[in-house]
Amino acid sequence: TRWYYVLALLIPVLACLGTAFLVYPTVPKLPGALEATGIHHLTQVIVPGSAEIYFPKTGAYAVYYEYRSIVDGVRYDRDRYPPSLDCQLTSKATGADAPLEPDYIEGNKYETRERVGVLIHHISIDQPGTYNFSCRYADGRTDPRVVLAVGPNIVWEFFNVAVKPVAAIVCGGLVSVGACGISLLIIGFVAFKRHQSKKTLAVQA
């Protein structure tokens, strides 16, 4: 009987150790991974104009309209709503265009003391490499000049990074709850069997 109680105590302890094993590998990487999603990884482009942008890996990227920005010491304060621009993203290696999907969401933005950017396009890069990004006004005018920022899709990258430790914690929590439930069942079963044994001995006496 004593071993059943030891087993009942051992199960949640092992479950907690398993949870720690799942969560620990993700936590040390989290600050650096979150830092990698910051706005300093975005390439600022003054448009109408063009710039070469390097995409190091496949995946989701984005174009942001910075209606408040500073580039090379020049401050840009523009209307908060993005202008109508014709933009193109072309691979230097293949000459193929990567689609720029319209994705303007007013609340999907980043904000610092000097920069405010709102998402206007999302990009899916299938082949890493250097791309030429260019934008112009459809009517050919050259003013006003505005700042776009191209790079990681900050919201997507944040959730992609944060979901791993969260998933590990949730899974570990479920395992721990299940382990505690099993332990309680074992303790209850042992207590019931002991009670039954005492009743049997009392009747026989």
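**Confidence of the predicted model**

The model is predicted, with an average pLDDT of 80 for the protein, and 74% of the residues score at least 70.

- Three strands form an open sheet in the order E2-E9-E5, and their pairing is antiparallel.
- The edges of this sheet are strand E2 (49–55) and E5; each has a single partner strand, so one side of each is left without a neighbour in the sheet.
- From one strand to the next, the twist averages 20°.
- E2 and E9 run antiparallel and are joined by 7 bridges.
- Phe55 has Gly129 of E9 standing opposite.

**Thr90 in strand E5**

- Thr90 has its place in strand E5 (residues 85–91).
- The side chains of Thr90 and Asp97 are joined by a polar contact of 2.6 Å.
- With neighbours within four places in sequence left aside, the residues in contact with Thr90 are Gly95, Ala96, Asp97, Thr130, Tyr131 and Asn132.

**Strand E3 and its pairings**

- Strand E3 (residues 59–71) pairs with strand E8 (residues 116–125) in the antiparallel sense, over 9 bridges.
- Within this pairing, Leu119 in E8 is the bridge partner of Tyr64.
- Strand E10 (residues 146–152) also pairs with E3 in the antiparallel sense, over 6 bridges.
- Pro152 in E10 stands opposite Tyr61.
- Between E3 and strand E4 (residues 74–77) there are 4 bridges, again in the antiparallel sense.
- Arg68 has Asp77 in E4 as its bridge partner.
- The hairpin of E3 and E4 has 2 residues between the strands, and Asp72 takes a positive phi near 55° there.

**Nonpolar cores**

- The largest nonpolar core comprises 25 residues, and those with the most contacts inside it are Phe55, Val63, Leu89, Ile123, Ile125, Phe133 and Leu148.
- Strand E1 (43–47), E2, E3, E5, E8, E9 and E10 are the elements that give two or more residues to this core.
- With 5 residues, E8 gives the most to this core.
- Leu148 touches Thr43, Gln44, Val45, Val47, Val63, Tyr64, Tyr65, Leu85, Cys87, Ile120, Phe133 and Cys135, when residues up to four places away in sequence are not counted.
- Another core, of 8 residues, lies apart from the largest one; Leu42, Leu119, Ala149 and Ile154 are among its members.

**Gly181 in helix H3**

- Gly181 belongs to helix H3 (residues 154–204).
- Gly181 counts as partly exposed because its relative accessibility is 29%, a value between the 20% cut-off for buried residues and the 50% cut-off for exposed ones.
- Although Gly181 and Pro12 are 169 residues apart in sequence, their C-alpha atoms are 9.0 Å apart in space.

Terms used
Residues numbered from 1 in each chain as written. Heavy atoms only, no water. pLDDT = per-residue confidence, 0-100. Polar contact = N/O pair within 3.5 Å; in protein donor to acceptor, adjacent residues only side chain to side chain. Contact = heavy atoms within 4.5 Å. Buried < 20%, exposed > 50% of the residue type's maximum accessible area, 1.4 Å probe, protein only. Pairing = 2+ DSSP bridges. Axes fitted to C-alpha atoms, helices over the stretch in contact; angles between N-to-C directions. Core = buried A, V, L, I, M, F, W, Y, C linked by side-chain atoms within 4.5 Å.
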